[in-house]
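Please examine the sequence and the model shown below.

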Amino acid sequence: MEKHEIIIVGGGASGVYLSLLLADYGKDVLLLESKDRILKKLLTTGNGRCNITNETVMDKISDMYTSENSAYDFSPLREYDLEDTLNYFSSLGLNLTTLEDHKMYPHSLQSSSVVDLLRLSLEEKEVHLNLNEKVTDVKKKGKTFLVTTTVSQYACDKLVISSGGMAAPGTGSDGSMYKILRGLGHHIITPMPSLVQMKLSHPSLKALSGVKINGTAALLMNEAVLRTEEGELLFTDYGISGPPILQLSRFLHPHLQEGKGLLLSLDFFPEKSAEEVKEIILNHAALFSYRSSMDVFKSLLPSKLIPVLLRESGLERPSTVIGEVEPIHLIRLAQLLKEWTFPVTGTQGFNMAQGTYGGVDTKEVRSTLESKKVQDLYLTGEVLDVLGACGGFNLQWAWSTAGTVMKALTGQMDDR
Ligand SMILES: Cc1cc2nc3c(=O)[nH]c(=O)nc-3n(C[C@H](O)[C@H](O)[C@H](O)COP(=O)(O)OP(=O)(O)OC[C@H]3O[C@@H](n4cnc5c(N)ncnc54)[C@H](O)[C@@H]3O)c2cc1C
């Protein structure tokens, strides 16, 4: 049976990065990937531009990362930090640039250049890579791991699971390793889609579909605000999308399982008070009292949104001349512009998700990311129950966890 010092399961962001780091120390590594190519997900990141990390990550750890284990300190992000990551990418020849919201990208603004560079580096460092080999079983006999794949069986002294979560399963991260990890004694926090569009309940979603508008979105559970985000909102026929919605979806769990009481409240005039918005609406109506209600508000709101909001305000015919509309409807309209609330009924699922909520319980790993259940078993990246915000935070988690495991496997860290 072929034996290696270290086997890494998963040729995604964290598995490939770790293979390169270990190759620099002359470690004998076999990287096993179920797909016909490595880094399939990385290719799709950042809308094809690969938002590799975020300049502010070290200042924002507690705000930008969540784990079901609320006591978890995300120590890998400090153990192998942003500076270590930037230095290593620079040593591989990758130049980065910083764009909006401190997001860092390859200078080419093409994720393919990051994938090509990582693939080239694997070749240069002569890492053993087996494609089209899915790991189907792991057993430990004495100090040796026996790793069965769809093609063969291997032995190793140290095993690293870098198999990702369940978001975008078509890229390979299909959750198949969770079952194997359960078999090894790990508790898996139920994986759920995150960084994903939300399904809403409202009779006018079809009519609203395609409307884009800036504003804030607040996620509420039993009337308590869980989180508020600002940016471009996009209505769809199933509900709502846009950057603030993906960010808010991090906080849907576990409330979504409870089913009821989860609301999304939209504010289309976040910079104005409710009183100011009321004044704007009443003044507009008075100034253009001869125009139809539809036409009066065209300078304030996207056209497709107006008839829906007018009906929601109790006005049966949006074509009514505004001078004939009772003030109560205008006041209600102003209220809706500040606080339009929808029940959240679900998400668009793993196929559309950019992240996974849940995974291996962080209580079950040491600061080296070695399993507390199985000696010499390590975990990196999204397979762990850690979820970062959109903006480069999840890839930084992949790089930092890989860097931490590299330190553990090269004797630079000990936590037994
Ligand atoms: C559309 C999209 C856009 C994103 N954009 C960004 C972004 O711009 N910035 C950011 O920070 N994050 C982004 N993310 C998240 C980020 O890509 C992931 O968090 C990151 O890739 C996780 O790295 P990983 O190594 O844990 O897993 P992955 O990169 O998912 O890699 C896991 C690998 O393991 C392999 N594998 C799984 N099971 C097995 C098995 N049984 N046997 C063998 N191999 C197996 C898979 O085929 C896969 O190649 C995005 C995600 C998506 C889906």
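A strand, as the word is used here, is a DSSP run of type E with at least two residues, and strands are numbered from the N terminus. The model to which this is applied is a predicted one. Strand β6 covers residues 103-106, and Pro106 lies in it.

Is Pro106 buried or exposed? A residue counts as buried if 20 or more other C-beta atoms lie within 10 Å of its own. Pro106 has 22 other C-beta atoms within 10 Å, and it is therefore buried. Leaving aside residues up to four places away in sequence, Pro106 touches Cys50, Ile52, Leu94, Leu96, Ser113 and Val114. Met352 is 246 residues away from Pro106 along the chain, and 24 Å separates the C-alpha atoms of these two residues.

The next subject is the ligand. There are 39 residues around the ligand, and those that come nearest are Gly10, Gly12, Gly164, Gly172 and Gly381. Sorted by class, the shell around the ligand holds 21 polar, 12 nonpolar and six charged residues. Which helices each supply at least two residues of this shell? They are α1 (13-24), α2 (40-48), α7 (176-183) and α15 (393-409). With six residues, α2 gives the most to the shell.

Helix α1 can now be followed in detail. It has 12 residues, and from its first C-alpha to its last it reaches 17 Å, which is close to the 16 Å expected at 1.5 Å a residue. Because 10 of the 12 residues of α1 are buried, the helix is largely enclosed by the rest of the structure. Among these buried residues are Ala13, Gly15, Val16, Tyr17 and Leu20. The buried residues of α1 pack against β1 (2-9), β2 (29-32), α2, α6 (111-124), β10 (153-161) and α15. After α1 comes Gly26, which has a positive phi, near 70°.

One of these partners, α15, deserves a separate description. The axes of α1 and α15 cross at roughly 35° and come within 8 Å. The crossing in which α1 passes α15 is right-handed. On the side of α1, the contact is made by Ala13, Ser14, Tyr17, Leu18, Leu21 and Leu22, while α15 contributes residues including Leu395, Ala398, Trp399 and Val405. What classes of residue does the contact of α1 with α15 have? By class, there are 12 nonpolar and three polar residues, and no charged residues.

Conventions:
Residues are numbered from 1 along each chain as its sequence is written. This is a predicted model: local features need pLDDT of at least 70, side-chain atom pairs count only at pLDDT 80 or more; totals for chains, interfaces and linings use all residues. Helices (H or I, at least four residues) and strands (E, at least two) are DSSP runs, numbered from the N terminus. Two residues are in contact if their C-beta atoms, placed from the backbone, lie within 7 Å. A residue is near a molecule or strand if its C-beta atom, placed from the backbone, lies within 6 Å of it. Ala, Val, Leu, Ile, Met, Phe, Trp, Tyr, Cys and Pro count as nonpolar, Asp, Glu, Lys and Arg as charged, and the others, Gly among them, as polar. The expected span of a helix is 1.5 Å times one less than its number of residues. Axes are lines fitted to C-alpha atoms, for helices over the stretch in contact, and angles run from 0 to 180 degrees between N-to-C directions. A crossing is left-handed if the near helix is turned anticlockwise from the far one by less than a right angle, and right-handed if clockwise.
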